[in-house]
Amino acid sequence: MSLDLALVRGIEERAFNAWPALQTLVADGWLLRFADGFTKRANSINAWAPIVPVDVIVTHAAPIYAGRRLPLVVRLSPLADLDADAVLASRGLARCDETIVMIVPLSELTDAPPDPTVVVSPEPGDAWLAGFAAANGVPGARRAVHDRMLALIPQPAAFSQLMVGGQAVAWGLAVVERGMVGLFDIVTAPQSRRQGAGRRLVSALLAWGARNGASTAYLQVVAANAPALELYERLGFREAYRYHYRIGELQQP
C-alpha cells in the first residue's frame, strides 16, 4: 500500500493533541510522552520528524522512563525509520497491538436530522466520565489520571453517549482539529452489543464533525478487533496506515 506521509503526519499530530499526555518532551524529532502509565499511547516514544535513528533515541529515553517507573514503550508509525522495528527487536523489545488507522471522507454524509438518542456535550460531566470509565474498564486507581487527560483536550470535543430507556449504553469521544475529526474509545456496554448502538453513535459523531468543519474522519482500531473493523468498514472507513508497539521490561532507575 502506497503511503502518503504528509497524511500520516497530519493524523499523527491531531491524534497526539486529541489524546494529550500529561507531559511531552521533544528530542531530535521524537516525542517522549508521559501520563503516569495510563495507556501506551500517552506513555510512549513516538516519531514525529525524527533526525536520529530509533536506537539513539531509545538509549537517551530509557533512563528517563525508568526514572518514572515506566516500561520503555515505543510506538512505531510509518514516520519512524524503516529499520526501527528490527532494531528494537534486536534489543529485546516485544511487539504487540498492531493497530489500523482508518479514514473516511465526510462529503457523502446525508443531511439527516440529529439522532435524538445520542447526547453530545462539549464537556464530559461526572455521569459521562463515570460511565465511560466503567465501560472502558478504567481501574479506579487510574480514574484521576484519565479525567485529567480528558480535561487537557484543547480542541472542540464531543463527549457522547447513546441513551436507551433513559440509560447510557454506548460512549465515545470525537475531537475536531484543522478539518479532521478523530473518533476515540467508542465503546458499547456488553448487554447492548450487536444491536446497532455503535453504528448509531459513530454516525452521530461523524455528523457532528461535519457540522464543525471536518471533511475527513479518522480513528484507530486494534487489528485483531474484527467486530469493530466490520462496523467501520460498513460506514465507509478504509485503512490509511498501521502502527504497533515495541515494549521492554521495566528497568531499575
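Reply: Sorted by class, the residues that line the second largest pocket are 14 nonpolar, three polar and four charged, in a model that is predicted. The space in this pocket comes to about 480 Å³, and among the 21 residues of its lining, those closest to the centre are Leu109, Ser203, Ala204, Leu206 and Ala207. Looking at which elements take part, one finds that β5, β6 (118–121) and α6 each supply at least two residues of the lining, and that α6 gives the most, with six residues.

For a sense of scale, the largest pocket has a volume of about 1,200 Å³, and Ile186, Val187, Asn225, Ala228 and Tyr232 are the closest to its centre of the 40 residues that line it.

Strand β5 (residues 94–105) holds Asp97, which has a positive phi of about 55° although it is not a glycine; most residues other than glycine have a negative phi. Asp97 counts as partly exposed, because its relative accessibility of 33% falls between the limits of 20% and 50%. Ser160, which is found in strand β7 (residues 157–164), is by its relative accessible area of 0% buried, and its contacts include Val118, Val119 and Val120 as well as Leu201 and Leu205, leaving aside residues up to four places away in sequence.

Terms used:
Residues numbered from 1 in each chain as written. Predicted model: local features only at pLDDT ≥ 70, side-chain atom pairs only at ≥ 80, totals over all residues. Heavy atoms only, no water. Helix = DSSP H or I, 4+ residues; strand = E, 2+ residues; numbered from the N terminus. Buried < 20%, exposed > 50% of the residue type's maximum accessible area, 1.4 Å probe, protein only. Contact = heavy atoms within 4.5 Å. 1 Å grid on protein atoms, 1.4 Å probe; cavity = no way out; pocket = protein on both sides within 12 Å on 5 of 7 lines; lining within 4 Å. Points joined across faces, edges and corners; volume = space filled by probe spheres on them. Nonpolar A, V, L, I, M, F, W, Y, C, P; charged D, E, K, R; others polar.
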